Each structure stands twice: as structure tokens, then as C-alpha cells.
Amino acid sequence: MLSSRGIKKAELPKIPWRYAPPHTYNKQSNPAGLISFGMAEHIPMRAEIAKYINNKVTFTEDSVGYGSSSSTPNRLPIAVAAHLNNILQPLSPVEPETVVVASGITAIGSMLGFALAEPTDGILVSRPVYGRFELDHGVEADVQIVYADTDPEEAFTPAVVDKYETALQRAEDEGTKIRAVLIVNPHNPVGRCYPAETLRAILRFCNRHSLHLISDEVYASCVFDSGDPRAVPFTSVLSITTPELIDPDLVHLLYGFSKDFAAGGLHLGFLITQNTALRQACKAILRLHNASTASITIGATILEDQEFMTQFTQIARQSLASTYRLATATLTQEGINYVKRGNAGFFIYVDLSPYLPYPDRPVREREFALAQKFLDAGVFLHPGEEHAMEAGWFRLVFAHEEEVLREGLTRLIGVLRSV
């Protein structure tokens, strides 16, 4: 017998399409394998980071111990602070003592849900947005994600605050207390950066309602030249946050190794906050979410090597620019609508609503049916996961080797031409 909580959680894997099948394609060994356009991972850069780790990282006894009595854990916050001061250009420098190290941003999401909200309280986001926040904040902490109804254009303007106001009032009328606003900048799945004036409007909104602002900036260095002069450059929330805009104790930034360093398997995530009480709460919860000392050794070594990081980021940006242009050119040629002015992240937000099969069925079933047709053809796109206001929008991850991307696009277009 399970507890009521256990029974509730056991139902989560049964939600249709909640969990993505793995990428199995290999031109030589498995040419019929599945090409996943669903997992946000910069696959071409994994070889670079693995080579560096094999050649440059030295493990000591501290690297395989608990680490509590060694200097190993202290290296990483110092290196993280220096790195973020370089790439985020904060108004007030990030200090090592404001850095909390955990086993990934997913773990930090769970910790924040637990520490900032009561069960059934809410965290407010605009949509579309990365769909797994529901799991990050909900699986352990039982915190709800509350959606403000926006479209991909409106979400990046100061007018998004009006939508937040409406959603906040609606939630509280229904008995849900909103504790925080969560943004992803650069954005997942739209692939854009927030303009500074929009970030300021969001900060003012949070301060006005005494809400925490959680800024997920895990894609901070994954900004590239998309060829679109209208694309907005990246601005970190820490580069504009002042006490006049918001109480600094309400602002919390997330960063990690999974995107900028193509190393999600290291399970290294960082919370940066000036809120001393929140850091203390998280340190207690870290007993369940500590990063391994081996990963800490690897992460510190990478971040301390400025020359490598500069070269790695340059190569990664060139790769993303090339594959983004390839993917968008193909979509344009086929007449497939997608959100323009992207210049960040690994994805393009595409509108496949004209291709949904079975017009007599409910729209969500039609979206699932199209996803199944893709899967049957050997290419995967996640249906409904990014919470578009209308069915038919999919996040297409383009961060593959060009040869793999071309094959996946060929399979995808073949399905669309057949429906």
C-alpha cells in the first residue's frame, strides 16, 4: 500500500506524452533509430566537453569523499561567481557566499517550491513555457504552476504584466496563493531574450505584490547570430536589478552546466540569491539534493579555465547559428510557420496546427495523433508540453549535427506532406 502522496505521484508517468523517448539514431550503427527533436541538449558539443574532462580534470581523494572537511566544495562557488560576473554583468557582483550548489536546476526548482510556498500555492508563468516546471516544483513540493494567458509575441513586452495581474487575481479568487513569478531568459521554447524594459516591468510587478522573481538563465551563453537584425540581445535580470525596482531578497537566479556546457549529466545547478534565510533553508534541503564531489571537481576545473570556456562558447555559438539557419530555412521553404526573431537556446517554436489530423476529434487528441505519426516515422516532437494557448504548437530542438538535423527534418516534412 502507498500513501496518498505516493498514489498521486504514481499516476504521473501515466499522463500521455509526459516523458520523451530517447534519441537512438546513428547513421552507421542504427540508421533507423529515432531522431529526437524533443530533448533540449546541444549534442554536437558533448564530445568537446568530454574530451576536456578526460584530459584536464585531476581527481583527488577529496573528489570522491563527502567533501565537507575539504577545500573542494569551496572552489566551485568561487568559480561560479567569477564566471557569472563575466557573462551576466551584474550591477552588484555575485559573491561566492550567495551561490548554492545543487544536483541540477531541476533539484533547485524543487527546493524553491518547498522553501518559498506552501503545498497547493502557485508560481506564476506566462505561456508558452517549458512544460517540466510542473514537475520541478510539483513532484516533491506540491506547488502549482499557474499560467498567464499570453502569446509568443506579447510575453516579451511590458504588457505581459497586465496578463500577470489578471492571472494573479484569478488564482487568488480560486483560492490559490501566488508566491513567485518564474521567467526563462533566454526563453524556452521561444528562443528569444527578454528586453530590458520588460524585465524592469516584471520586477516592479513582483515588488508591488511582494512576489519572488525566479529568473532561469541556464541558456545565458547560448546566444548566437541568427541573421535577424531584430533579435534582442541577452540581458540578465542581475544586470538591471536595483533596490528601487525590487527588494533584492525577492530576486533569485538559476544557472547550471546542462546547456551552456552541454553537460547535463554532471547534474550541477546553482541558485544565486542574496536572501540569507532562503539560502539557509536550501542548505538544509541539500541533504537530499547535493551535487557529487566528483562533479564539483569537474565543474570547478572547467570554470577556472577561462581560455577553454572562451573557445568552447565560441564554437557552441557557431554551431547553434549554423543549425538554426538550416532549420529555419527548411521551415520557410516548406511554408511552415514558426516564431521569428529567435537567437538563443536550442529550439524553434513551430506552428503545426494546419497539419493536425482527424478534424472530428478533440484538438488535444489531434495533437497527440500528429506526434504519433512523427514517432512512427522515426522523429520525435513533444506534443502539448510547452502549453501553447492553441493546440498544434511544437518545440523543435535543432541543436544536432547538421547531417542528423537534415535527416530529422526530412522525416518530419515527409509526415506533414502526407497528412
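Analyst: Let's start at D142, which sits in the loop between α5 and β4 (144–149). Keep in mind that this is a predicted model. The phi angle of D142 is near 55°, a positive value, and the residue is not a glycine. D142 comes out at 23%, so the residue counts as partly exposed.

You will find T120 in the loop between α4 (105–116) and β3.

Now follow the chain to the other end of β3. Between β3 (122–127) and α5 (133–138) runs a loop that holds P128, and the peptide bond joining R127 to P128 is cis, with an omega of about 5°. As a general rule, most peptide bonds are trans. Where else can you see a cis bond? One links N188 to P189, with omega near 20°. P189 belongs to the loop between β5 (178–184) and α7 (196–208).

The largest nonpolar core has 74 residues, and the members that touch the most others are V181, I202, F270 and I302. Both domain 1 (4–47 + 309–417) and domain 2 (60–305) supply at least three residues to this core. Which residues does I202 touch, leaving aside those up to four places away in sequence? They are V160, V161, Y164, V181, I183, Y194 and L213. Notice V181 in that list: V181 is also among the members with the most contacts inside the core. A separate core of 70 residues lies apart from this one, and its members include Y147, V218, A391 and L396.

Next, have a look at a sheet. Three strands form an open sheet in the order β9-β10-β12, with antiparallel pairing. What happens at its edges? β9 (337–338) and β12 (393–397) each have a single partner strand, so one side of each has no neighbour in the sheet. In general, the strands of a sheet pair through backbone hydrogen bonds. Here β10 (residues 347–351) and β12 run antiparallel to each other, and 5 bridges connect them. To spot one of the pairs yourself, find F347 and look across to β12, where its bridge partner is V397.

Finally, let's step back to the whole protein. It contains 12 helices and 12 strands. Its radius of gyration is 21 Å, close to the 22 Å that the globule rule gives for 419 residues, so the protein is as compact as a globular protein of that length. Along the principal axes, the C-alpha trace spans about 60 × 55 × 55 Å. Of the 419 residues, 57% count as buried. If you take contacts between residues at least 6 apart in sequence, 76% of them join residues at least 24 apart.

An unreviewed UniProt entry lists residues 79–412 as "domain: Aminotransferase class I/classII large". In the model, that span is 39% helix and 16% strand, and its end C-alpha atoms are 42 Å apart.

How values were computed:
Residues are numbered from 1 along each chain as its sequence is written. This is a predicted model: local features need pLDDT of at least 70, side-chain atom pairs count only at pLDDT 80 or more; totals for chains, interfaces and linings use all residues. Side-chain values use heavy atoms; hydrogens and water are left out. Helices (H or I, at least four residues) and strands (E, at least two) are DSSP runs, numbered from the N terminus. Buried means under 20% relative accessible area, exposed over 50%, partly exposed in between (1.4 Å probe, protein chains only). Two strands pair if DSSP finds at least two bridges between them. UniProt positions are given in the numbering used here, feature names are shortened, and annotations may be inferred rather than shown by experiment. A nonpolar core is a set of buried Ala, Val, Leu, Ile, Met, Phe, Trp, Tyr and Cys residues joined through side-chain atoms within 4.5 Å. Domain bounds come from an automatic or database domain assignment. Contact means heavy atoms within 4.5 Å. The radius of gyration is taken over C-alpha atoms; the globule rule is 2.2 Å times the number of residues to the power 0.38.
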